[in-house]
Amino acid sequence: MSTLDTTASVPGQRTAGSKPKPHRGQRFGDGGGVLNVFSHGFLAIWAIMIVLPLGWVVLGSFKTDSQINGSAWSWPSSFHFDAFSRAWSKGIGGFFLNTIIVLLGSVTLTMLFGSMAAYVLARYEFKGNRFIYYLFVAGSMFPVYLALVPLFFMVRNLGEISPYLGLNSYAGLILVYVAYSLPFTVFFMYSFFRTLPSAVHEAAMLDGCSHTRTFFQIMVPMAKPGLISVGIFNVLGQWNQYILPVTLMQPTQAGEADHSMLAQGLVNLALQSGYKSDAPALFAGMTIAMLPVLVVYLSFQRQVQAGLTSATLK
Amino acid sequence: MRHGKYPFIVGFLFLPIVLYVGLVLWPYAQTFGYSLTDWSGASQDMNFVGLANYTRLLDDEVFAGALWHNLLLLILLPVITILIALFFAFMLNVGGKGGTGGVQGVKGAGFYKVVFFFPQVLSIAILAVLWGAVYRTDESGLANGILIKLGLATAHDPVAFLSDPDMVLWCVLAVLVWSGVGFYLVLFSAAMQGIPKDIYEAALLDGAKRGQTFFKITLPLLWETVQTAWVYLAIVAMDAFALVASITPGAYFGGGPDHHSELISTYLMRSFLRNGEAGYACAMGVVIFFFTLILTVVSLWATKRDKIEY
């Protein structure tokens, strides 16, 4: 990834196409000129297609109701944050908090359980090792909604064991998120643990380090790059989750607290009457949901891109 | 060193396996069982009805339509997304004018990669609300606003987009492609950087054109990555629930107008949560299970190539 950014400033690049001189670059540039205009055009158009809708939504949160229902090209008359506070008071703030709580628990547990299982499967030989590994791998092949109906009742039954685990509970959703993130996490961390040198591991064991301690103090720090990759993958995946919270996080009876996730709450508000009369608040709600992720992404874009792609390529 | 090995293995595997089997595998398995019953989902009463749900599916036109829509997405989404992403990735990595520095990407490659990736970090549900606003059927929607500016539509005669039965599925496909290209572009870029630059330089010295280097070098060496992308996109196409459920018209999980954007996921969810036909919904799940299984095997077999070492 890092090589890319430096390439743009390589000297001699501009001379290759324009000034014909006996130079290696002339041959490399053949056909490049036309293609370059062409490709730059496409790249620029695509970039506009990405940025325009996002910017349009942010602008929309400053517009008035009649402006939003008028021409799409109207410019907000003044920039004040009324719509944001209205959106926040309609529950966006709460949804945000719910999502953070669930993700804190689910990502931590996913990483812990996933790497524990992957480590044992990758580093220890025992009967049934292959079977368990393929059991995990098979689970990542099918869309989640195949299991939705029984899952709903499974979680409801869990709620009868303990009210903290049932429908519309944080812990219940956390466990479900963890379970559905395990196949990929195990699959990825498995191949990562396989690549780590075994000498360090053996040295630690010879020095009398227990299996558990070897794992937490030696193998986990060594696997940090892999953990970061798959961690980012899980954060984004669980943040983007929609079908699971829609099924599991509906208030089961009137008056129960609304534990909606951010995405789910936003869609509900858009579909129901919540924002019918208040389009700017809907746009502001979208902005609130978008901006934190974009800011985090822009600050860590190198890690996110590297992490996501290496996670998928393994 | 051996002592304490088995307690340790069991200790580390116990919780992950309990969670995974309990909340993932067991529900998958139960789906098969419930699909043979007339269970409503509301109570615990159910009767064994054999294959009745499956014979009913055969005559269900809505289901056939949904299956067809899923199949369309399954073919078109990976093809279009991968082609655009490959093209962009090639441009950003080796499409630039060569200089003394050799083969390189176009200017501003880093910027494009960051921007194209934006949709990937936004929740699909947020994208759904966003595109719902873009596709508004009057001049207040961004899409219509642009078409009016370009003179392709008028304020009195705007394009209906999602309310148009013939357009709705294409609108959904466009959003999926729009949001997916960035990710696969970055994925392909990462793979392309693994290809030694000397290969390109040798080819260019031998007089190869840019296009030739793409088809003769890049594509064969990226084949495995393309395969991976294909599988991931197929999963997206089979799901697409959040998007269709929230932007297309129709009470309870969209699918409208008149089932023209119905997908199996939306139909399944409606049968289960609204129509009280949990058994029937499970039968759909089972059909999808085999559908996915067969397609995965077929596509892996059809795209099989010998691995090229480099």
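In the largest nonpolar core of this predicted model, which holds 182 residues, A:Leu266 and B:Ile126 are the residues that touch the most other members. Setting aside residues up to four places away in sequence, A:Leu266 touches A:Gly285, A:Met286 and A:Ala289, and it also touches B:Ala125, B:Ile126 and B:Val129 from the other chain. As background, nonpolar side chains tend to be buried together in soluble globular proteins. The model as a whole scores ipTM 0.81 and pTM 0.80.

**The two chains**

- The secondary structure of chain A consists of 16 helices and zero strands, while that of chain B comes to twelve helices, again with zero strands.
- Of the 314 residues in chain A, 45% are buried, and for chain B, with its 310 residues, the buried share is 49%.
- If one takes the contacts in chain A with a separation of 6 or more, 70% of them are between residues 24 or more positions apart; the corresponding share for chain B is 65%.
- The C-alpha trace of chain B spans about 80 × 75 × 30 Å when it is taken along its principal axes.
- For chain B the average pLDDT is 82, and 93% of the residues score at least 70; where pLDDT is low, the predicted coordinates should not be read in detail.

**Where chain A touches chain B**

- The contact between the chains involves 88 residues of chain A and 92 residues of chain B.
- On the side of chain A that touches chain B, helix α4 of chain A, made up of residues 32–60, gives the most, with 15 residues.
- When the residues on that side of chain A are sorted by class, 61 are nonpolar, 24 are polar and three are charged.

**A pair of crossing helices in chain A**

- Two packed helices are described by the angle between their axes and the distance between the axes.
- In chain A, the axes of helix α6 (residues 82–123) and helix α15 (residues 279–299) come within 8 Å and cross at roughly 75°.
- Because angles of 65 to 115 degrees count as roughly perpendicular, α6(A) is described as roughly perpendicular to α15(A).
- On the α6(A) side the contact includes A:Ala83, A:Phe84 and A:Arg86, and on the α15(A) side it includes A:Pro280, A:Ala281 and A:Phe283.
- Sorted by class, the contact of α6(A) with α15(A) has nine nonpolar residues, one polar residue and two charged residues.

**Two individual residues in chain A**

- A:Asn168 is found in the loop of chain A between α8 (148–161) and α9 (170–195), and its phi is near 55°, which is a positive value in a residue other than glycine.
- A:Asn168 counts as buried because it has 21 C-beta neighbours inside 10 Å, and the cut-off for a buried residue is 20 or more.
- A:Tyr134 lies in helix α7 of chain A, which covers residues 129–139, and A:Tyr134 counts as exposed because it has 10 C-beta neighbours inside 10 Å, the cut-off for an exposed residue being 12 or fewer.
- A:Tyr134 and A:Gly172 are 38 residues apart along the chain, and their C-alpha atoms are separated by 26 Å.

How values were computed. Residues are numbered from 1 along each chain as its sequence is written. Chains are lettered from A and ligands numbered from 1 in the order in which they are written. Helices (H or I, at least four residues) and strands (E, at least two) are DSSP runs, numbered from the N terminus. Two residues are in contact if their C-beta atoms, placed from the backbone, lie within 7 Å. Ala, Val, Leu, Ile, Met, Phe, Trp, Tyr, Cys and Pro count as nonpolar, Asp, Glu, Lys and Arg as charged, and the others, Gly among them, as polar. Axes are lines fitted to C-alpha atoms, for helices over the stretch in contact, and angles run from 0 to 180 degrees between N-to-C directions. Angles under 35 degrees count as roughly parallel, over 145 as roughly antiparallel, 65 to 115 as roughly perpendicular and the rest as oblique. A nonpolar core is a set of buried Ala, Val, Leu, Ile, Met, Phe, Trp, Tyr and Cys residues joined through C-beta atoms within 7 Å. pLDDT is the predictor's confidence in each residue, from 0 to 100.
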